[in-house]
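Please keep the structure in view while reading.

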Amino acid sequence: MNHTHHTSTTRTVLATATAATALAVSLLGPAAPARADGRPMPDVTGKNLVAAYGELNYNTTVRFRDGRGAGRLVLWPASWKVCGQDPAPGTPMDDRKITLTVVKATEECAAPTA
């Protein structure tokens with residue numbers, strides 16, 4: 001009986017780890033058109049990347065662009081913030097590619113170029 005409880009706990013831990021890995025992989029996945037429900041693009045500029053991704057309902061494929069131009073990969077979303085977004089807030093999200101320009105949370109966003 002005790003062995004069964006241990007096995008159940010192990011399965012729960014593995015399932016949780018798998019779900020966390022799936023979220024991390026989905027954040028790093030290749031960009032593709034978003035399949036959203038037609039609602040307008042929220043304004044996520046200035047937000048932590050995890051919060052911004054949450055506002056995009058976690059199911060939208062998002063591409064990230066390094067705001068420093070260094071081509072860094074987003075490996076830990078909680079340590080990044082959004083400096084810019086495409087499409088603009090209010091734009092319908094149906095079948096649109098979404099690109100978020102991001103920098104490390106401790107960095108300043110670059111001034112927009114005219």
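## Confidence

pLDDT is the predictor's confidence in each residue, on a scale from 0 to 100. It is needed here because this is a predicted model. The chain has a mean pLDDT of 74, and 63% of its residues reach 70 or more.

Confidence is highest in strand β3 (residues 80-86), with a mean of 96, and lowest in helix α1 (residues 2-28), with a mean of 42. Over residues 4-36, pLDDT stays under 50; for this stretch the model has 25 contacts beyond four places in sequence. Where pLDDT is low, the predicted coordinates should not be read in detail.

## The sheet

Strands of a sheet pair through backbone hydrogen bonds, either parallel or antiparallel. In this model, three strands form an open sheet in the order β2-β5-β3, and the pairing is mixed. Strands β2 (62-66) and β3 stand at the edges with a single partner strand each, so one side of each has no neighbour in the sheet. From one strand to the next, the twist averages 35°.

The pairing of β3 with β5 is antiparallel and runs over six bridges. Gly84 stands opposite Thr101 in β5.

## The disulfide

A disulfide is a covalent bond between the sulfur atoms of two cysteines. The model has one disulfide: Cys83 and Cys109 form it, with their sulfur atoms 1.9 Å apart. The pair links distant parts of the chain, 26 residues apart. Cys83 lies in strand β3, and Cys109 in the segment after β5 (98-104).

The torsion about the S-S bond of Cys83 and Cys109 is about -80°, which means that the disulfide is left-handed. Cys109 has a relative accessible area of 34%, so Cys109 is partly exposed.

Key: Residues are numbered from 1 along each chain as its sequence is written. This is a predicted model: local features need pLDDT of at least 70, side-chain atom pairs count only at pLDDT 80 or more; totals for chains, interfaces and linings use all residues. Side-chain values use heavy atoms; hydrogens and water are left out. Helices (H or I, at least four residues) and strands (E, at least two) are DSSP runs, numbered from the N terminus. Contact means heavy atoms within 4.5 Å. A disulfide is a pair of cysteine sulfur atoms within 2.5 Å. Buried means under 20% relative accessible area, exposed over 50%, partly exposed in between (1.4 Å probe, protein chains only). Two strands pair if DSSP finds at least two bridges between them. Axes are lines fitted to C-alpha atoms, for helices over the stretch in contact, and angles run from 0 to 180 degrees between N-to-C directions.
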